[in-house]
Amino acid sequence: MKNFFFLFLVTGFLGCNPSSEKKEPATSNAEGRIYISGAFALYPLVVKWSEEFQKEYPGVKIDVSAGGAGKGMTDVLSGMVDIAMVSRDVHEDEILKGAWQLAVARDAVFPVINTQNPLYTTISERGLKKQEFESLYLKGITNWKPILGKEVRINLFTRSDACGAAEMWAAYCGGKQEDLKGTGVFGDPGMAEAVKNDILGMGYNNLIYLYDIATGKCNPGIAPIPFDKDGNGKIDSTENFYGTMTSVKKAINDGKYPMPPARNLYFVCKGKPADGPVKLFLEWSLTRGIAFIDEAGYVALPADEVKGELNKLQ
């Protein structure tokens, strides 16, 4: 772990409204280096945060790398990095090893399918029930006939890396990541490409890798498989919120999208951080950093939850 220091004591803004973007930095004289690794789910937001933070604190350099939530957790507990990006709940054994968590944002995992699939229209209008997702990912059904009555093969993909997306998707299906069937691919970008390049492909992706931030529409070639939550065999108006990133994020925020696979995203340190650049960055993320969450394609935590997370830093 690198040694960090401040030239001046940082005090101030925590007593203010945590969602305000108007606060002035307490000091621009912080110096040091912060190392961050972990979940692909959180990576784009943390890259944006690091860029904006370094504009205010040019003396602090931040290195961010993605490799999966499991790698981030291993890295932070071994002292290789200062902060892990984690897209799942922290396990009890990790807490016993010193893991200290801070919720910073929210997103969701989505089952995805190739838009050229011969059953794409049927699946989009009908959706799938929870037990049908279970039969696919836990029992390994490789043909749509038992579900949709059509003889069409399913090429199922799962994640090969230890990651929050797989853990959350497995939790929704009623299992663990190691229970998930399918061909393993590495990372969120790899999953999106695998499904996009296979007409019969099906997988799961985090929000930011399914939708294009600039257009608010799904990335070309892949689309979400809707959840038939009431099990009536069709996607009703209350279940049909997948058209744009904005409508999906609202559904996550309103609790209309199931949780899991919706989930909180976390920063994890080995022990509560002392005063220094790491703590300053964590505080910044939950105050001025909130202003960048929506444009980065994520869902902000409710204000009372943000307040509670900030209190953990005191």
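Visitor: What percentage of the 314 residues of the protein count as buried?
Guide: This is a predicted model, in which local features need pLDDT of at least 70, side-chain atom pairs count only at pLDDT 80 or more, and totals for chains, interfaces and linings use all residues. Residues are numbered from 1 along each chain as its sequence is written, and side-chain values use heavy atoms, with hydrogens and water left out. Buried means under 20% relative accessible area, found with a 1.4 Å probe on protein chains only. Of the 314 residues, the buried share is 54%.

Visitor: Where in the chain does D82 lie?
Guide: Helices (DSSP runs of H or I, at least four residues) and strands (runs of E, at least two) are numbered from the N terminus. Helix 2 covers 69-77 and strand 3 covers 83-86. D82 belongs to the loop between helix 2 and strand 3.

Visitor: Which side chain of opposite charge is nearest to D82?
Guide: Lys and Arg count as positive, Asp and Glu as negative, while His and the chain ends are not counted. A salt bridge requires a side-chain nitrogen of Lys or Arg within 4 Å of a carboxyl oxygen of Asp or Glu. D82 is buried and has no salt bridge; at 8.4 Å, the nearest side chain of opposite charge is R33.

Visitor: In strand 2, what is the bridge partner of Y35?
Guide: Strand 1 (residues 32-38) and strand 2 (residues 60-66) run parallel and are joined by seven bridges. The bridge partner of Y35 in strand 2 is D63.

Definitions and conventions. Buried means under 20% relative accessible area, exposed over 50%, partly exposed in between (1.4 Å probe, protein chains only). Two strands pair if DSSP finds at least two bridges between them.
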